[in-house]
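Welcome! Take a look at the sequence and the model, then read on.

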Amino acid sequence: MSKSILVVGGGFSGITAALEAAEVGHEVFIVEKAPFLGGRVMQLNKYFPKLCPPSCGLEIQFQRIKKNKNVKFFTLAEVESISGSKGDFEVKIRIKPRYVGPGSVELSEVIAKLSNNVTDEFEFKLCDRKALYMDVPFAFPARYVLEKENCTDEDLKLLEGVAAVDLKDEEKVITLNVGSIVYATGWKPYDVTKLSNLGAGSVANCITNMQMERLAAPSGPTCGKIVRPSDGAQPKNIAFVQCAGSRDENHLNYCSYICCMASLKQAAYVRDQYPDAKVTVYYIDLRTPGRYDKFAKRILSDDKINAVKGKVAEVIEISGSGNVLVTVEDAETGIKAQNEHDLIVLATGMQPSLAGVPVPTGVQVDDQGFIVGGEEQGIFAAGCAKQPLDVMKTAQSGTAAALKAIQTVIGR
């Protein structure tokens, strides 16, 4: 029986699970498909419950990884296959080439000389970047990554002379033998283009909640300045549309748990930055569980933040101004209205990352893509791979999964 543990996913829950197991003596492998560890938390401006910047919690975790020889991690890596059984899994991992050697070599001058621009998916398409990049200043590993396929011939010629760059780097497949597996593959924002009635994809000044996080983040595309995408203007009348895709049989049939709190948090971003701005939150039910209720009451006590109970039926762009017209029925008064705003933020739901993608043998998912079962086989789920959670509960879930994985490999 192998005493090693594999953690699939290098976000907050995966890192937590890995460290908890490693710090009691188990060899742990983290497999992360992105170039950097940190997951969705790295894309936030602040997270609950203390409204810390992501670097606060993540940099502590990164230091713990650096100091613990039991933790080994692979980025740009995915599980290709799982065979064997509990206590003796053979896992094949496919690792894409990074094309940049180890070490924190500064390459910003080289990046500035590259000609080709690439849509920045980390910034949710709010801006472009170069093919050689690092997502955020505190990224881990502190090592650039190159997308060779997005380089022009001119760019490749330039990069040939850079010592840290290895254009001959190749994809590789490795095999790991582990006793148990933790799946901490996290979540992805629901595909907003499916919400056409809410202006997604057609209304310039209609953004998602995760785009708002990046606009507010100091490391984001506007260096923390919340502006309208269409013209860069300061928004003065902002609306948040709740349950955009969640609690809807045509999209996600469950509550995404944290969306209401995220919108109230983002309303505070707006009010802190623009003291004269007005904010309206259109909601079905405001769900602020447990200790978050006090936070919600504090935000809603602001006389410039108005919460309207009513489901938004339509969002359209007003020609000329770029402003947005929201059609909504107030559930308390029964009045149907069309209200004008200059920026709309859709609280898009949390969808498990495994939704709609092939999963290896032994990993069981329900019709929504959440992991179910598998514990009898020594495969455990953590974080938002199991259900929608906030960061604090994600960490708790990672610890719980680590305990189960440890019990498996020691035969208890």
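D285 has a relative accessible area of 27%, so it counts as partly exposed. Please keep in mind that this is a predicted model.

**Salt bridges**

- D285 meets K309 in a salt bridge, with N to O at 3.1 Å.
- This pair joins distant parts of the chain, 24 residues apart: K309 belongs to strand β16 (residues 305-309), while D285 sits in the loop between β15 (278-283) and α7 (292-300).
- K309 is partly exposed as well, because its relative accessible area is 25%.
- K297 and D293 form another salt bridge, and their closest N and O atoms are 3.3 Å apart.
- Both K297 and D293 lie in helix α7, four residues apart, which is about one turn of the helix.
- K297 is exposed, given its relative accessible area of 57%, and D293 is partly exposed at 30%.
- D120 and R129 also meet through their side chains in a salt bridge (3.9 Å, N to O).
- D120 counts as buried because its relative accessibility is 9%, and R129 is buried with a relative accessible area of 13%.
- E80, R94 and E171 are linked in a network of salt bridges.
- Across the whole structure, a search finds 14 salt bridges.

**A buried lysine**

- K130 is found in the loop between β7 (128-129) and β8 (132-133).
- Although K130 is buried, it has no salt bridge, and the nearest side chain of opposite charge, D155, is 7.0 Å away.
- What does the side chain of K130 reach at 2.9 Å? It reaches the backbone oxygen of L114.
- Beyond its neighbours within four places in sequence, K130 touches I111, L114, S115, N116, N117 and V118.

**Helices α5 and α6**

- Helix α5 (residues 209-216) packs with helix α6 (residues 259-273) at an angle of about 35°, and their axes are 11 Å apart.
- On the α5 side, the contact is made by N209, M212, E213 and A216, and on the α6 side by K265, Q266, Y269 and V270.
- The crossing of α5 and α6 is left-handed.
- Helix α5 is largely enclosed by the rest of the structure, because eight of its eight residues are buried.
- The buried residues of α5 pack against α6, and also against β12 (187-189), β13 (206-208), β14 (237-244) and β20 (343-348).

Terms used. Residues numbered from 1 in each chain as written. Predicted model: local features only at pLDDT ≥ 70, side-chain atom pairs only at ≥ 80, totals over all residues. Heavy atoms only, no water. Helix = DSSP H or I, 4+ residues; strand = E, 2+ residues; numbered from the N terminus. Buried < 20%, exposed > 50% of the residue type's maximum accessible area, 1.4 Å probe, protein only. Lys, Arg positive; Asp, Glu negative; His and termini not counted. Salt bridge = Lys/Arg side-chain N within 4 Å of Asp/Glu carboxyl O. Polar contact = N/O pair within 3.5 Å; in protein donor to acceptor, adjacent residues only side chain to side chain. Contact = heavy atoms within 4.5 Å. Axes fitted to C-alpha atoms, helices over the stretch in contact; angles between N-to-C directions. Left-handed = near helix turned anticlockwise from the far one by under 90°.
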